[in-house]
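Subject: Structure handover, chain B

Hello,

Here is the structure you were expecting. Please open it alongside this message, as the notes refer to residues by number and chain.

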Amino acid sequence: MMGGMSGLNEMDELYEAIILDHYRSPRNTAAVENPDIDLEVNNPFCGDEFHIQLKVDDCSISGVSITGRGCAISQASASLLAELVDGKSTEEVQAAVDCVRRLLKGEEISNEEADILGDIEALGGVRKFPVRIKCALLSWVGLDDGLKEHLA
Amino acid sequence: MSESTLSAGTRVFDPDAIRADFPILQRKIHGQELVYLDNAATTQKPKQVIKSLTDYYEQTNANVHRGVHTLSMEATNGYEVARTKVAKFINAPRSEEVIWTRNTSESLNLVAATWAEANISEGDNIVITAMEHHSNIVPWQQLAFKKGAEIRYLSHNDDGVINFVDASSVIDSRTKLVSVTHMSNVLGTINPVAKLAELAHDVGAVILVDAAQSVPHMPVDVQAIDADFLAFSAHKMLGPTGIGVLWGRLDLLEEMPPYMFGGDMILEVTYEGAKWNDLPYKFEAGTPNIADAFATGAAVDYLSDLGMENVWQHEQELTAYAMEQILSLDNVKVLGPQDSSQRGGVISFVHDTIHPHDLGTALDQQGIAIRTGHHCAMPLVRSYDVVAAARASFYIYNTRSEVDALVNGISETEGYFNR
């Protein structure tokens, strides 16, 4: 039985098909050898925790792995992030992080930015469920912090 | 023990009549009837308690222990009557042993900052259980860091039952304080506090009982369990937020230094110094939470009319039913005692594939309010190798059909995520 009279269809905006797909089959989870960035992020409030590894060559991401446990939103978001950063320049990654932050805050993003985000725009559904925004942002904030520290 | 007189109700325990007293239960959440199962976090309030607040502000409002005018005398009288009601409710020998605080956390901090500060030294130890709420861990950790004292944990088995063989070796001659939860807010375990009091007293230690989850749900008699201190909050027992209770043995409270300084807690002030007021005022600096004390009295009246034995009976029956229904689900595991007779009305559970927060959001869409997360007991939740858990907790107005709604809601959620 699917949702039916229970009103669960209202959640479709939060749990879009693409989100559930990334939740069930997370991308880029194989460990990176000799990572340049290797960190754990967690949200003690939720108990969500992720292990992020990045290989950075000449200011571009040549290897990425994100694994961990958490709710569907945090896991899907981590998988979307892992998919996005692979092969991107560190500048592009930092711009994308900024863009996702604005998207989740409910701010406008340009068409150009929307193109870069692609499937990631599906995360925008979280805005209607404010307590879940931090689930979506956890891995993004962690990776951004790690990158900043690495580049500093 | 006069338990029967303590807990005998004067009102028939009729869930439909009880529900009619709670205006919030008429609310719709996402178009569905509210099923409120987050009572271990805070309970809803009956109209009698809400009315006591508006009555107070409309008819009585004045400061206490100050004026000679009628309103001040009425406010003072009502404030003290409420204290007497609380004392009787927990069978305290004297009402001046009941100190009003903000909540259970403040009650625990008060003991840490006064009694423990004066009585715990380097090399002493404080014994707590491994299933405490953060509020019964952190104050002791901080005190132990400061004093060079040691925190020791009483272990429990996988079913959440304290290991007593272990207890008698953990509590030793250097133990000064045993501070334990009467009922775990995560596992639902009811701890044998009278037995722990005996172990504590055998070595000359005092015992503090965190009764935040027990006083609202079962008859609690501070003399029968032989406690030295007992702490609880009004908002978990139909009362308002912002007020709690510390009960302490008279001789201990008399020896303790004040917690905060200011008005009301002094007898006499000169430019050179001050003399502390008598109990309980020594611990109640400044204008207290008068209105909420009135409302706490109304909450105690409400529960006393029902009878705590009946409250407990109702929750035991509902918990047994809920355990049976939840355990019948294939993918759900319940933390804590599997035998419902060993637990109170708190059921924490994890689903094999659905994270508690996804479950919590999905149940909310169906009007069902549960708690998700670490339940302010991170070390305990982690010890079960889960990152978070879902928790359903019951009170006097909950019914079997609400348990059915929860179980059905979990199944609906499985359907949604497996589509």
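Predicted model: local features only at pLDDT ≥ 70, side-chain atom pairs only at ≥ 80, totals over all residues.

Domains

Chain B is divided into two parts: domain 1 covers 3-42 + 307-417, and domain 2 covers 50-304. Their C-alpha centres lie 27 Å apart. Where the two touch, 28 residues of domain 1 of chain B are in contact with 26 residues of domain 2 of chain B. On the domain 1 side, the elements giving two or more residues are helix H1 (3-7), helix H11 (308-327), strand S14 (346-351) and helix H13 (378-383) of chain B. H11(B) gives the largest share, with 5 residues. By class, this side of domain 1 of chain B has 14 nonpolar, 10 polar and 4 charged residues.

Contact with chain A

Chain B also touches chain A, with 19 residues of chain B in contact with 21 residues of chain A. On the chain B side, helix H12 (356-365) and helix H14 (400-417) each supply at least two residues. The largest share, 5 residues, is that of H12(B). The chain B side divides into 5 nonpolar, 11 polar and 3 charged residues.

The sheet

An open sheet of 7 strands runs in the order S4-S10-S9-S8-S7-S5-S6 (chain B), with mixed pairing. Strand S4 (98-101) and strand S6 (150-154) of chain B are at the edges and have a single partner strand each, so one side of each has no neighbour in the sheet. On average, neighbouring strands of this sheet are turned by 20 degrees against each other, direction ignored. Within the sheet, strand S8 (residues 206-210) and strand S9 (residues 229-233) of chain B pair in the parallel sense over 3 bridges. Asp210(B) stands opposite Ala231(B) in S9(B).

Helix H8

Which residues of helix H8 (residues 193-202) of chain B are buried? They are Val193(B), Leu196(B), Ala197(B), Leu199(B) and Ala200(B). Seen down the axis of H8(B), these residues fall within an arc of 165 degrees, so they line one face of the helix. Their cover includes helix H7 (164-170), strand S7 (175-181) and S8 of chain B. The face turned away from the buried side of H8(B) carries Glu198(B) and Asp202(B), which are exposed. After H8(B) comes Gly204(B), with a positive phi near 80 degrees.

Backbone points to check by eye

Most residues other than glycine have a negative phi, and most peptide bonds are trans. The following residues depart from that pattern.

- Leu279(B) and Pro280(B) are joined by a cis peptide bond, with omega about -5 degrees. Pro280(B) sits in the loop between strand S12 (274-276) and helix H10 (290-306) of chain B.
- His65(B), which is not a glycine, has a positive phi of about 55 degrees. His65(B) is in the loop between helix H3 (47-60) and helix H4 (70-89) of chain B. It counts as partly exposed because 17 other C-beta atoms lie within 10 Å.
- Asp385(B) also has a positive phi, near 55 degrees. Asp385(B) is in the loop between H13 and strand S17 (389-393) of chain B. Asp385(B) counts as exposed because it has 7 C-beta neighbours inside 10 Å, and the cut-off for exposed is 12 or fewer.

Regards

Technical notes:
Residues numbered from 1 in each chain as written. Chains lettered and ligands numbered in written order. Domains from an automatic or database assignment. Contact = placed C-beta atoms within 7 Å. Helix = DSSP H or I, 4+ residues; strand = E, 2+ residues; numbered from the N terminus. Nonpolar A, V, L, I, M, F, W, Y, C, P; charged D, E, K, R; others polar. Pairing = 2+ DSSP bridges. Axes fitted to C-alpha atoms, helices over the stretch in contact; angles between N-to-C directions. Buried ≥ 20, exposed ≤ 12 C-beta atoms within 10 Å, placed from the backbone. Arc of directions from axis to C-beta.
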